[in-house]
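Hi,

Here is the structure I promised to pass on. Have a look at it first, and then read on for what turned up.

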Amino acid sequence: MTFQPSKQVYSGKIRELTLGTGDKAVKIGGKAVYSFHSFEGDIPNPPKIAMEVWDKDPSADWPEAAKAPFSDVLGDPAAWARKCVQQYGAEMIVVQTKSADPNADNSPAAQVAETVAKIVDAVDVPVVVWGVANHEKDTEVMRMVAEKCTGRRLGISPVEEGDYKQIGAACLGYKHVTIASSPIDVNLAKQLNILLGNLGVNQEDLMIDPTTGGLGYGLEYSYSVIERIMQAALTQEDDKLQQPIIVNVANETWKCKESNLTMEDAPELGDPSTRAVLMEAITAVDLMIAGADVVVMRHPDAVNLVRNYIGKMM
């Protein structure tokens, strides 16, 4: 007898939104069931993989395994973005504005925005711009980025409770997608979505960043929160949580200790390149299963593993 899986009836649906413009614009969200449960209902858009690009040379901060695939372009963010798209098949680019960090380079906002604009012009895929979670600096940078990239429908992140009025208004004025970031808490995520709605941000222009914990560094907390957001959205008809979710996987997994230990430091952990790639891929897959619609990744080998997984599951 043919196996017939039991099916659940869902009363809610994740909203669909579009990032970018033109032929390479990407539709995100839209699922009416839990992730990969296509046997239960409609999943019009599979999860998307975005590859990250830093706005500065990260050589001093990255292990050799992370630098190797991009060694020829790490000093040129626009060329780096093109390589991600043309050679590694990135569907989206996430620009990490690391140079803006007041505790590090503290580059002027105008300089950061100019670099972001060059990256946006260098590729034809959607771009998300990720700040440094400093309210004052992110507000200054994102306002300039939003204006310089008018008409490109970027994703702007993180928009937090401490700066949502300023950055949210810039997203509204220049027609970009707002990415609401809250610290691994369902109620805080909902509250911020309500505040942005009161500001005037349309639900079709809003994504959720629930904050990401990497494998071994809080993954279970992120998984649980994303899962609970999905449950509220799909089974409890909570329309304030029916937004697509993006997770900044690369930034978390590659800064942890295990991703940076060499073979000499930890021979018992095996090949460092394989170890770090698997930590990134496992984190991405787990959070997609929980409900993430976009995973931000770094290493091409990890991207390929996750891309193959999505292909098989869909």
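In which loop is the place of N106? N106 sits in the loop between β4 (92–96) and α3 (109–122), where helices (H or I, at least four residues) and strands (E, at least two) are DSSP runs, numbered from the N terminus.

Before the rest, a word on the ground rules. This is a predicted model, with local features needing pLDDT of at least 70 and side-chain atom pairs counting only at pLDDT 80 or more, while totals for chains, interfaces and linings use all residues. Residues are numbered from 1 along each chain as its sequence is written, and side-chain values use heavy atoms, with hydrogens and water left out.

Back to N106. Its phi is positive, about 50°, although N106 is not a glycine. N106 is partly exposed, at a relative accessible area of 40%; buried here means under 20% relative accessible area, exposed over 50%, and partly exposed in between (1.4 Å probe, protein chains only). K175 is another non-glycine residue with a positive phi, in this case about 60°. You'll find K175 in the loop between α5 and β7 (177–181), and K175 counts as exposed because its relative accessibility is 63%.

There is also a cis peptide bond to look at. It joins S157 and P158, with omega at about -10°, and P158 belongs to strand β6 (residues 155–159).

Now for the inside. A nonpolar core is a set of buried Ala, Val, Leu, Ile, Met, Phe, Trp, Tyr and Cys residues joined through side-chain atoms within 4.5 Å. The largest one has 84 residues, and F70, W80, I93, V145, I229 and V306 touch the most other members. A second, separate core has 15 residues, including L19, V26, V128 and V177. In soluble globular proteins, nonpolar side chains tend to be buried together.

Take I93 as an example. Contact means heavy atoms within 4.5 Å, and, leaving out residues up to four places away in sequence, I93 touches M51, V53, A81, C84, V85, I119, V125, P126, V127 and V128.

What about the cysteines? With a disulfide taken as a pair of cysteine sulfur atoms within 2.5 Å, the structure holds zero disulfides. For C84, the nearest cysteine sulfur is that of C149, 17 Å away. C84 counts as buried because its relative accessibility is 0%. C256 is buried too, at 6% relative accessibility.

M297 and V249 are 48 residues apart along the chain, yet their C-alpha atoms are separated by 5.9 Å. Not counting residues up to four places away in sequence, the contacts of M297 include I49, A50, M51, E52 and V306.

On to the helices. Axes are lines fitted to C-alpha atoms, for helices over the stretch in contact, and angles run from 0 to 180 degrees between N-to-C directions. Angles under 35 degrees count as roughly parallel, over 145 as roughly antiparallel, 65 to 115 as roughly perpendicular and the rest as oblique.

Helix α4 (residues 135–148) and α5 pack at about 0°, with their axes 9 Å apart. That angle makes α4 roughly parallel to α5. Where they meet, α4 brings D138, T139, M142, R143, A146 and E147, and α5 brings Q166, I167, A170 and Y174.

Helix α5 (residues 164–174) also pairs with helix α6 (residues 186–199): their axes come within 10 Å and cross at roughly 55°. So α5 is oblique to α6. Y164, K165, G168, A169 and L172 of α5 meet L192, L195, L196 and L199 of α6.

N193 is in helix α6 and counts as buried, at 5% relative accessibility. Beyond its neighbours within four places in sequence, N193 contacts A180, L206, I208, K240, L241 and Q243. T150 lies in the loop between α4 and β6 and is partly exposed, at 46% relative accessibility. T150 and H176 are 26 residues apart in sequence and 7.9 Å apart in space, C-alpha to C-alpha. Again leaving aside neighbours within four places in sequence, T150 is in contact with Y174 and H176.

Happy browsing!
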